[in-house]
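Subject: Structure for you to look at

Dear colleague,

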Amino acid sequence: MTTASSQDPAASRPAGPRLRPALDGIPAYVPGRAAGQGSVSFKLSSNENPYPPLPGVLETAVAAAGSLNRYPDMTCSALLAELAERFDVPVSHLATGTGSVGVAQQLLQATAGPGDEVVYAWRSFEAYPIITQIAGATSVRVPLTAGEEHDLDAMADAITERTRLVFVCTPNNPTGTALSRAALTRFLDRVPSDVLVVLDEAYREFVRDPAVPDGIELYRDRPNVCVLRTFSKAYGLAGLRVGFAVAHEPVAAALRKTAVPFGVSQIAQDAAIASLRSEAALLERVDALVGERERVTAELAAQGWTVPPSQANFVWLRLGEATAEFAAACEGVGITVRPFAGEGARVTIGERAANDLLLRTTAAFRRERVPD
């Protein structure tokens with residue numbers, strides 16, 4: 001006698017579609033909660049620019065929205081021409097994507113897969129392990145130094161025959177530390193020429209240390225160096241998702257092949273061009289944020305905190321097991337920060353009122369919960 005299950009072929013089939021095992025256990029990317037939600041008055045959790053769009057940018061974006069029924073320029077030709085002139089690089093050395101993280105994911109699609117390794121510092125940008133795992137590659141995490149910096153010697157030692165790509169985040173997210181020209185040059189000299197080194201410079205505009213190089217200087221005579229930039233931070237276009245890479249022709253061409261067709265909207269392209277043309281206003285705003293960064297850092301040090309020297313638009317507080325309690329204390333007064341459980345909190349430099357409220361909170365927290 002046959003059973004009901006043996007008579008029904010569907011009974012032995014999986015309950016749903018088969019998905020790639022590589023997706024199991026991927027950590028979730030944690031966005032900051034928006035200001036205005038509940039008791040939140042200031043969002044200092046996402047490294048956004050607190051200023052509105054640069055002069056003329058909103059008007060340009062609104063005008064572009066009038067053509068929403070049309071596909072955008074898939075090649076981003078006008079934006080690439082503007083970037084080529086701005087950074088003195090060939091158009092063929094440029095590629096765009098949905099923010100610098102989108103371009104980073106394209107790079108992994110082009111370079112790494114199952115059996116390959118991707119080296120990066122840790123803690124660093126939280127998207128690196130996510131996009132590495134999506135590609136099916138293996139993460140090789142190299143701990144930061146005691147000073148919250150990339151350990152470049154250890155990273156070079158971690159490169160093997162299986163290494164296909166190395167992420168170097170400078171300034172580093174979330175610690176804010178940046179790498180010197182001398183240190184980066186020594187590191188690049190040790191990396192095999194067939195391993196792609198990605199200099200993730202999402203916060204480049206906030207750098208004031210003359211010892212920290214512009215990655216585009218380093219890329220020019222190194223075919224295995226790619227530089228990532230974004231319009232999300234200093235330029236204040238986080239909501240439009242447009243980033244770009246500067247790399248030699250083979251890498252840039254691979255990025256164009258792996259890009260999602262029409263991924264960068266026409267609104268984003270036109271707004272990015274208008275932002276590039278508002279450089280004077282951009283520099284004024286960035287200088288103001290850097291000034292606030294220095295003020296906040298100095299006050300935190302005076303309160304007794306050990307704060308790594310940040311070259312970005314945020315500061316890092318190493319809190320260990322007190323991290324969650326600190327984040328809750330901030331939220332209790334209307335601020336959201338970005339906690340990393342058991343490690344520390346990253347706090348964006350916002351408008352002066354937000355920074356003042358933060359400093360009152362850190363002073364109270366240290367006095368009440370972290371006694372000397």
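What follows is a summary of what was found, going from the whole chain to single residues.

This is a predicted model, in which local features need pLDDT of at least 70 and side-chain atom pairs count only at pLDDT 80 or more, while totals for chains, interfaces and linings use all residues. Residues are numbered from 1 along each chain as its sequence is written, and side-chain values use heavy atoms, with hydrogens and water left out.

The protein chain comes to 13 helices and 12 strands, where helices (H or I, at least four residues) and strands (E, at least two) are DSSP runs numbered from the N terminus. Its radius of gyration, taken over C-alpha atoms, is 22 Å, close to the 21 Å that the globule rule (2.2 Å times the number of residues to the power 0.38) gives for 372 residues, so the chain is as compact as a globular protein of that length. Of the 372 residues, 52% count as buried, which here is under 20% relative accessible area, with exposed being over 50% and partly exposed in between (1.4 Å probe, protein chains only). Taking contact as heavy atoms within 4.5 Å, residues 24 or more positions apart account for 72% of the contacts with a separation of 6 or more.

UniProt, in an unreviewed entry, lists residues 42-341 as "domain: Aminotransferase class I/classII large"; its positions are given in the numbering used here, feature names are shortened, and annotations may be inferred rather than shown by experiment. Over residues 42-341 the chain is 40% helix and 17% strand.

The unreviewed UniProt entry also lists Lys 233 for "modified residue: N6-(pyridoxal phosphate)lysine". Lys 233 lies in the loop between β7 (225-230) and β8 (243-246), and it counts as buried because its relative accessibility is 16%. Leaving aside neighbours within four places in sequence, Lys 233 is in contact with Ser 46, Asn 47, Asn 49, Ala 202, Tyr 203 and Phe 206. One of these, Asn 47, sits in the loop between β1 (42-43) and α2 (57-65), is buried with a relative accessible area of 1%, and has a phi near 55 degrees, a positive value in a residue other than glycine.

Cys 76, in the loop between α2 and α3 (77-87), likewise has a positive phi, near 50 degrees, and counts as buried at 2% relative accessibility. Two cis peptide bonds may also deserve a look: one runs from Trp 122 to Arg 123, with omega near 15 degrees, and another joins Asn 173 and Pro 174, with omega about 25 degrees.

Towards the end of the chain, helix α12 (residues 323-332) has Thr 323, Phe 326, Ala 327, Ala 329 and Cys 330 buried. Seen down the axis of α12, the buried residues fall within an arc of 160 degrees (that of the directions from the helix axis to the C-beta atoms), so they line one face of the helix. The face turned away from that buried side carries the exposed residues Ala 324 and Gly 332. What covers the buried residues of α12 includes β9, β12 and α13 (352-369).

Four of the five residues of strand β9 (residues 314-318) are buried, so β9 is largely enclosed by the rest of the structure. Five bridges join β9 to β12 (residues 344-348), and the two run antiparallel; strands pair if DSSP finds at least two bridges between them. Within this pair, Trp 316 stands opposite Arg 346.

With best wishes
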